[in-house]
Amino acid sequence: MSDKLCRDNGLSVVVPGKGSKGKSYAEYQAEKTGTSWKGKLKIAVDALIPQVSSFEELLQRLQVAGYEIKPGKYVSCRAPGQERFTRLKTLGADYTEEAIRERIAGKRTRAAKAPKAERKGVNLLIDIENSIKAQQSRGYEQWAKIHNLKQAAKTMNFLTENRIEQYADLLTRIEEIATASEQAGDGLKDVEKWLSDMAVLIKNVTTYQKTKPLYEAYRKARNKEKYRAEHERGIILHEAAAKALKAAQIGGKLPSVPALQAEYEKLQAQKESLYADYGKLKKQVAEYDVIKRNIDSILQAEKQTERKRETER
């Protein structure tokens, strides 16, 4: 009953995960406000996956970020200040050890979130005159007339609530929202590009630092050919990382990996915020499109009625 009331009034409904117990309301609210330990761990894991080459490296990077790792059948993590450990598998199907390994290897992508229940808005008016169903069924025609009356009332209420009095005002609002939606989309693309570039940079810096001692030993080796043959993979990785950093015009002292990681997480949070804004604006664009089409239909019907009256006179 609570869920039904929430849906009817456009409020969020907490949906239990498949095959697991549902979240408590406190945990749900904590995730929404960004204070959930599980939510923070998921963000940390998601941010690291594009940057690491193995599950073991991901755990090491989590330790560097301050997490305490408890190995075992199910790997658990505990953040500074957290009372209990959190098993990775309890974060969801995409966070089991097997799933994380597959995501690192590029064999699996994170599953999309289930769509949330949305409040029913204004629907399009039905063109009864040209509707084949209405011509074939008097019952459908009657239903369509009632539907149109309801949607016309909702359309007028929408205009009143949004203080739109003139048709020109409606066109202006549509243009403003469309422009805002395009700008949000462009901003989202920019942040995604920065995230991609930063993930590559973090990986190159990490690889360069890891393989630097090996490469220094190679440079000092008396028999370079033999040494290279024995450590070819590490040397190639170092040279590739050095070449990529040079192409990115990064020389001298390399940037700090923890600092880059912190910046990456900030951008990730910014991306989530932009994505939410972009989704709302896209929904508004679609909503206003329906409103405009309904208004056009109502105005067209009024013109036809007026012409009919003049003909009768």
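## The second largest pocket

Seven nonpolar, six polar and three charged residues make up the lining of the second largest pocket. The model is a predicted one. The volume of this pocket is about 550 Å³. Its lining counts 16 residues, and those closest to the pocket's centre are Ile-126, Ile-128, Asn-148, Ser-297 and Ala-301.

Which helices each supply at least two residues of this lining? They are α7, residues 138-161, and α11, residues 257-312. Helix α11 gives the largest share, with six residues.

## Helix α3 against helix α4

Helix α3 covers residues 37-48, and helix α4 covers residues 55-64. The two pack at an angle of about 125°, and their axes lie 10 Å apart. Because of that angle, α3 is oblique to α4. The crossing of α3 past α4 is right-handed.

From α3, the contact uses Leu-41, Ala-44, Val-45 and Leu-48. They meet Leu-58, Arg-61 and Leu-62 in α4. Of the residues in this contact, six are nonpolar, none is polar and one is charged.

## Helix α4 against helix α5

Helix α4 also packs with helix α5, residues 97-104. Here the angle is about 100°, and the axes are 9 Å apart. Why does α4 count as roughly perpendicular to α5? Angles of 65 to 115 degrees count as roughly perpendicular, and the angle here is about 100°, so α4 is roughly perpendicular to α5.

On the α4 side, Phe-55, Glu-56 and Leu-58 take part. They meet Glu-97, Ile-100, Arg-101 and Ile-104 of α5. This contact holds four nonpolar, no polar and three charged residues. Leu-58 of α4 meets α5 here, and Leu-58 is also part of the contact with α3.

## Helix α8 against helix α10

Helix α8 runs over residues 167-220, and helix α10 over residues 232-247. Their axes come within 7 Å and cross at roughly 130°. That angle is why α8 is oblique to α10. Is the crossing of α8 past α10 left-handed or right-handed? It is left-handed.

Residues of α8 in this contact include Leu-201, Tyr-208, Leu-214, Tyr-215 and Tyr-218. Asn-204, Thr-207 and Lys-212 are also among them. On the α10 side, the contact includes Gly-234, Ile-235, Leu-237, His-238, Glu-239 and Leu-245. The residues of the contact of α8 with α10 divide into twelve nonpolar, five polar and two charged.

Conventions
Residues are numbered from 1 along each chain as its sequence is written. This is a predicted model: local features need pLDDT of at least 70, side-chain atom pairs count only at pLDDT 80 or more; totals for chains, interfaces and linings use all residues. Side-chain values use heavy atoms; hydrogens and water are left out. On a 1 Å grid over the protein atoms alone, a cavity is a set of points where a 1.4 Å probe fits but cannot get out, and a pocket is an open set with protein on both sides within 12 Å along at least five of seven lines; lining residues have an atom within 4 Å of a point. Grid points are joined across faces, edges and corners, and a volume is the space filled by probe spheres set on the points. Helices (H or I, at least four residues) and strands (E, at least two) are DSSP runs, numbered from the N terminus. Ala, Val, Leu, Ile, Met, Phe, Trp, Tyr, Cys and Pro count as nonpolar, Asp, Glu, Lys and Arg as charged, and the others, Gly among them, as polar. Axes are lines fitted to C-alpha atoms, for helices over the stretch in contact, and angles run from 0 to 180 degrees between N-to-C directions. Angles under 35 degrees count as roughly parallel, over 145 as roughly antiparallel, 65 to 115 as roughly perpendicular and the rest as oblique. A crossing is left-handed if the near helix is turned anticlockwise from the far one by less than a right angle, and right-handed if clockwise. Contact means heavy atoms within 4.5 Å.
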